[in-house]
Amino acid sequence: MSESPVPKIPPGHLFCFGLGFTASRLALRLLEAGWRISGTTRSLENVEKWTSVGIETYLFDGTASITAKDDLFSDITHLVASIPPTDLGELPLLFHQKQLVSSEKLKWAAYLSTPAVYGDRRGALVSEADLPQPGSRRGERRLKAENSWLNALKNSSTSIQIMRLAGIYGPGRNVIDQVLGGRARIIEKQDQVFNRIHVDDIGTILMASIDRPNDGAIYNVADQEACPSGDVVRFACNLVGITAPEPILFEDAELSEMAKSFYSECKRLVTDKIKNELGVELQYPTYREGLKSIFESG
Ligand SMILES: NC(=O)c1ccc[n+]([C@@H]2O[C@H](COP(=O)([O-])OP(=O)(O)OC[C@H]3O[C@@H](n4cnc5c(N)ncnc54)[C@H](OP(=O)(O)O)[C@@H]3O)[C@@H](O)[C@H]2O)c1
């Protein structure tokens with residue numbers, strides 16, 4: 001678990017639409033700090049897993065509303081929306097917008113988005129002040145999702161923030177595991193760089209935002225070093241003492257449509273706002289600190 005302290009925020013009741021990698025790490029930190037946590041997952045197995053650690057967990061797969069209780073949201077104070085958008089739109093809003101908007105105690109919400117909304121910037125710096133120009137279906141859908149959340153909560157008493165997350169990694173999801181599993185590849189595409197972000201730095205940023213809500217604010221949530229993914233793979237290989245794989249030219253790599261879409265855009269994220277407005281110093285400012293910590297903690 002992260003060593004970052006939980007800011008001195010009074011415990012509330014967090015509801016996570018999607019107890020995935022990011023939301024569940026945050027949830028566990030807040031649970032330890034005395035918060036009440038509820039959330040959703042699509043599988044019975046995960047319902048059991050999260051219930052067993054003290055999270056009130058509901059099945060929600062986006063095909064029907066959560067039927068557990070009529071007053072499910074009446075007591076929640078904070079909300080994290082981490083379910084990716086679908087062609088139908090924003091699933092939580094599709095089924096629960098009315099309840100969320102009328103939830104009197106709900107004072108803070110965060111929508112977990114992606115920098116895909118900016119589109120391709122040919123390696124240029126991009127800050128939250130730059131207008132989104134999505135160049136992919138993925139980016140368009142995200143922008144629509146962001147706007148759905150901003151609009152849904154506009155006239156409510158809830159402060160809504162948009163978090164545009166770079167490539168998420170952390171314990172249990174990282175390139176060291178790929179290297180050890182023989183799955184790591186070095187794809188070479190000239191001038192291509194990506195930002196990343198450690199999952200526990202996201203948690204710290206979300207907690208800082210809970211402490212300093214700013215209705216309608218957008219944050220780039222990323223590390224301080226955009227770099228080619230090959231650098232990260234080589235660093236991980238070096239850490240574990242394995243020879244790095246031979247690079248494959250982008251043109252020759254057989255990539256999934258999703259991966260191709262990632263490689264079709266290039267930008268460097270400006271992250272001053274998380275420091276200046278939320279006061280967060282990243283615990284893992286680059287992949288080097290992040291991977292080293294994951295490696296050392298086994
Ligand atoms: N991974 C990245 O590098 C990255 C980068 C930028 C932004 N993002 C976005 O940021 C958010 C959080 O990322 P993450 O990696 O923490 O997410 P994640 O681990 O993939 O978790 C997503 C959560 O949403 C739930 N979910 C997915 N599709 C659903 C559906 N159709 N209906 C109901 N629930 C559904 C999942 O349910 P289960 O519990 O059943 O799996 C899971 O709890 C996501 O929206 C993700 O797309 C990710």
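In this predicted model, an oxygen atom of the ligand lies 3.1 Å from a polar backbone atom of L19, a polar contact being a pair of N or O atoms within 3.5 Å. The protein covers 78% of the 900 Å² of accessible area that the ligand has on its own, as given by the Shrake-Rupley method with a 1.4 Å probe.

**Ligand surroundings**
- An N or O atom in the side chain of T22 is 2.7 Å from an oxygen atom of the ligand.
- A nitrogen atom of the ligand is 3.3 Å from a backbone N or O atom of D61.
- The 25 residues around the ligand (a heavy atom within 4 Å) include T22, T41, R42, R142 and R173, which come nearest.
- This shell holds 10 nonpolar, 11 polar and four charged residues, with Gly counted as polar.
- At least two shell residues come from each of α1 (21-32), β5 (108-113) and β8 (167-169); helices (H or I, at least four residues) and strands (E, at least two) are DSSP runs.

**The sheet**
- Seven strands form an open parallel sheet in the order β3-β2-β1-β4-β5-β7-β11, where pairing requires at least two DSSP bridges.
- β3 (56-59) and β11 (218-221) are the edge strands, each pairing on one side only.
- From one strand to the next, the twist averages 20 degrees, on a scale from 0 to 180 degrees between N-to-C directions.
- Strand β7 (residues 159-165) pairs with β11 in the parallel sense over four bridges, and I162 has I218 in β11 as its bridge partner.
- Helix α4 (residues 137-152) packs on the sheet and touches β4 (78-81), β5 and β7, contact meaning heavy atoms within 4.5 Å.
- The direction of α4 makes about 175 degrees with that of β5.

**Basis of the values**
- Residues are numbered from 1 along each chain as its sequence is written, and side-chain values use heavy atoms, without hydrogens and water.
- Local features need pLDDT of at least 70 and side-chain atom pairs count only at pLDDT 80 or more, whereas totals for chains, interfaces and linings use all residues.

Notes: Polar contact = N/O pair within 3.5 Å; in protein donor to acceptor, adjacent residues only side chain to side chain.
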